[in-house]
Every structure is written in C-alpha cells, then in structure tokens.
Amino acid sequence: MEKEVNILVVDDEEIVRDSLGGWLEEDGYGVEAVESGKKALERLPERSWDLMLVDLKMPGMDGIQLMDEVRKTHPDMLIIIMTAYATVDTAVKAMKKGAYDYFVKPFNPDDISLTIRKIVDHHRLVKENLFLRKELKKKYKLHDMISKNEKMLEIFELARTVAKSGSTVLIQGESGTGKELLARAIHDESPRADAPFISVSCASLTESLLESELFGHEKGAFTGATAIKRGKLELAQDGTLFLDEIGDISLKLQMDLLRVLEQKEFRRVGGTDLLPITSRILAATNRDLQKAIDAGLFRADLYYRLNVISIHLPPLRERREDIPFLVDHFVGKFNIEMGKEIQGVSEEAVRALMNHDWPGNARELRNVIERAMVVAKEHIITEADISLSVPPGGGNHRTKSLEEIEKAHIRLVLSENQWNVARSAQVLGIDRVTLYNKIRKFDLKRETIAPKT
Ligand SMILES: Nc1ncnc2c1ncn2[C@@H]1O[C@H](COP(=O)(O)OP(=O)(O)OP(=O)(O)O)[C@@H](O)[C@H]1O
Ligand SMILES: [Mg+2]
C-alpha cells in the first residue's frame, strides 16, 4: 500500500539501509532501501517519491552522479546526501549542486526523525501554497483578462456561461476597458474556439468599404472589383464575428445588418446567391447606445437584436482595487517582453496610480507601465518614471464640475495621509465633521491594496 510520504534510501552498506529503513518506517513513512544508484534509478518510476536519502560514496555511480541523473526526470526531487565526517567538504559541494541537506554519519535516530519531519512539513506547505496560488490566479482570470473586482468576476462567470451558447452578445464600456479582450475570451471559451475569430472595426471604414468588408463582393460589382472577395461574415464561418465599434455604423448599414441577422443569410455585394450565416456574432461599442437611439442615430430594433446578452464593463476608476493587480500583471508581461527584471512599483508611485482617473482605462495603464519600464533606471518603478496624461485626480478631456474636483482632491489628500481624518482635515483647512460629511456625501472609501498573488 502506498504510504503518504515515500522515501527512497540509497546506500551500499547493508547496516545503514537496515537501520535507517527501520527508523523511518517506525516514523510512519513508506521506505525502500537499495544498494546502488543503478537500482535507485530502476525504482524511481515505481512510486511518487517525496524524498531520497543518498549515500555520497558508493561504488559505481556515486551520490552526486545519481543526483544529476535523478534531476533529469525529477527536477524537483528532494535529495539528502549522507556522508561520513571525512567527506563533509564534498557534501557541501553536493548542496551547491542542489542537494536539499546532508546528514553526517554516524546518525542519531532522533535527529534524523526530527529533520525529516521538518523537511516533509515544510515541503508540503510549499506545495499547498503553490496550489493555492494557482487556484487564486485561475479565479481572477479569464484568458488574458484579470480582475479582482466583484462585478468583473461576475462578468467572467457570465462570459463562461454565454460562451457555451450561440447567443449574440453586446459588450459595452469605455475605451480600453477590455471589450475586445472579453470578446476573444468568449470565443476561446466557446465550442467554436478552433474556428476563426474575425474582428471588424466598423469605425475605421467608409460605408461602402465596410459593406464589402462585411459581405464581400462579386467580380465586377463596382469599379475596381476585379476579383471575387469573401467578406468577414463568410470568413468567420462556424467561428465568431466580432463587430467592433458597432455604434459607429451608418443607418443604412444598420438596416442591412439587421436584415441579414434576422434572415441568417446574406449576399455578396453585386451577387445573387444567398449564403448562410454560421458564425456567432459579438458586438462592442464605447458609445452610449441608448443615447444614440434617443438621438435617432441608432436603430432600436438592431440594438435589441444585438443586445440578447448585455455586458457592461465598468471603467477602471470604479474598480481601483484592480490598479495594483494590473500593474503587477503588466510589469510581469513587459519584463518578459523587454528582458528586464523590474520588481515592482514604489509606494508613492502606486499612490499616484491609485489617484489617477484613468480615462483610457486598462489600456492607458498598460501604456503608462510600458513607458515607465523603458525609462526606469532601478529595479523599482518610481513616481518619477511615471508620466500620467493629467495630474492625479485632475480633469481629463471632458470638463469637470467643481464637485468632481473637490471629490478627487479630498480622495487624494486622504490617501496621502493614510486616511488619517484629523490630519487630512487640517491639510484641507476644514474641520473633521465637515470632512466626515464630505466622505459620506461622496461615498469615498479607503482603497485597500490587494495582496499579491
Ligand atoms: N482586465 C484586463 N486584464 C488585463 N489586461 C487588460 C484588461 N483590460 C484591458 N486590458 C489591456 O488593455 C488593452 C485594451 O483592451 P481592449 O482592446 O480589449 O479594449 P477595448 O475596450 O476594446 O477598447 P476600445 O474601445 O478603445 O477599442 C488590452 O490589450 C490589454 O492589454
Ligand atoms: Mg476595442
């Protein structure tokens, strides 16, 4: 029967094998004892060994050679070298080559017992920690998207669920909130993952170009149409078609698109054959479509057609707990891309990042970190390395009301003073009660910096 912890003893001396084997068995470990490196390698695949006790000096393959061999197939194996007084130097060398520890012969059974217990416990903790960290990462992740924000995690859940269906999804949210990332994640989580994900940016093309981009055209459909061209609807066969910036298409195209989506068939421009639509449609916009409908710029019927499942990605300033999390994420990503070893961001820099309003959301944050990592001279990104497009808490491209500026300024001062209300009130030149009232009025909350995972 396989015991909980398995130890493989390798020693050419029978008395060592017997005594050590006996003690370890008494301690409740599963033990095998063999007399050579060759035998040890043979036994290796038989069980999942937790620990090897290896004699340094053995005829044939010695302890160090065996260790090198074991590492080839079991790079994480814990190996303890056993040695006589005379060869402690070599044992130290063995440690440098990756042995976990060494025991000096003759052994004291109690010492051995205690040391092995410690190693096993410690190792189990490390393993559990690694496992927990991986689980945590999984929880806060949807493909390339990460977040610790409750609303975002609900969106990740919803995305996983709707991915399994073929429903149309409309993703709304400000620029840079991750709409395209989410669309790709939905595709990757769906049964269509092996078919193409085709993205059309509806904002960048004129009406007629977009039309032929979407539907394709026949040869001779218009001047310049010298050959037949397949549209994106056709290219996304069985896959996913992502209509980006859907809020920007003309009313005529809106009507065409609506008809096509309802009939699930389309014609190439200038063509007569009806082609079936087999792709799943995802659409995104950073416009407020409700407003566009009210203004007569967007067809309500197309809106309802697309909005079967509606996802609204919150802006970064409404999920500030994601700022340090994303910073870590981007630093790790750019370390790999740039071959750098930046360890993180200084406390002042984090504070500046936390107080920024992020009109460009996660994309802006990514760009700020990328720039900072290029200019950073140390292994830590400092406040000086960070250039924010607007002063922290200050206005962005839209004009702000006095109240918004007041709110941002109070938040900044509170955060600079670690939310010490008395000190902050002093800095602001108001009394504490007034500050308390303003905190309540503006619904200000202390931002906690999420622990690293
Ligand atoms: N939750 C997130 N986790 C990790 N990276 C993110 C996240 N959200 C956004 N990003 C980063 O921001 C970039 C921009 O995201 P994306 O292109 O999906 O935004 P968008 O909402 O489509 O913006 P736009 O409306 O301007 O097209 C991504 O490439 C990615 O680097
Ligand atoms: Mg986009």
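Colleague: What does the backbone of Ile146 do at ligand 1?

Modeller: Bear in mind that this is a predicted model. In it, a backbone N or O atom of Ile146 sits 3.0 Å from a nitrogen atom of ligand 1. The backbone of Gly178 is involved as well, with a polar atom 3.1 Å from an oxygen atom of the ligand.

Colleague: And what about the side chain of Arg366?

Modeller: An N or O atom in the side chain of Arg366 lies 3.0 Å from an oxygen atom of ligand 1.

Colleague: How much of ligand 1 does the protein bury?

Modeller: 90% of the 640 Å² that the ligand exposes when taken alone.

Colleague: Which residues come nearest to it?

Modeller: There are 19 residues around ligand 1, and the nearest are Ser175, Gly176, Lys179, Leu181 and Arg363. By type, the shell splits into 7 charged, 6 polar and 6 nonpolar residues.

Colleague: Which helices and strands supply at least two residues of that shell?

Modeller: Strand E7 (145–146) does, and so do helices H7 (179–189), H13 (322–338) and H15 (361–375).

Colleague: Why do you say the ligand lies between domain 2 and domain 3?

Modeller: Because both of them give residues to the shell: domain 2 covers 147–314 and domain 3 covers 318–441.

Colleague: Which residues are on each side?

Modeller: Arg280, Leu282 and Ala284 are on one side, with Ile281, Ala283 and Thr285 on the other, and all of them are buried.

Colleague: Which strands does E15 pair with?

Modeller: One is E8 (residues 169–173), which runs parallel to E15 and is joined to it by 4 bridges. Ile171 stands opposite Ala284 there. Strand E12 (residues 240–244) also pairs with E15 in the parallel sense, again over 4 bridges. In that pairing Leu243 stands opposite Ala283.

Colleague: What about the phi of Asp238?

Modeller: It is positive, near 65°, and Asp238 is not a glycine. I'd flag that because most residues other than glycine have a negative phi. Asp238 sits in the loop between helix H9 (232–235) and E12. At 47% relative accessibility, Asp238 counts as partly exposed.

Colleague: And what is the phi of Gln418?

Modeller: Gln418 has a positive phi too, about 50°. This residue is in the loop between helix H16 (402–416) and helix H17 (421–428). Gln418 is partly exposed, with a relative accessible area of 41%.

Notes
Residues numbered from 1 in each chain as written. Chains lettered and ligands numbered in written order. Predicted model: local features only at pLDDT ≥ 70, side-chain atom pairs only at ≥ 80, totals over all residues. Heavy atoms only, no water. Near = heavy atom within 4 Å. Polar contact = N/O pair within 3.5 Å; in protein donor to acceptor, adjacent residues only side chain to side chain. Areas by Shrake-Rupley, 256 points an atom, 1.4 Å probe, with all protein chains shown as cover. Nonpolar A, V, L, I, M, F, W, Y, C, P; charged D, E, K, R; others polar. Domains from an automatic or database assignment. Buried < 20%, exposed > 50% of the residue type's maximum accessible area, 1.4 Å probe, protein only. Pairing = 2+ DSSP bridges.
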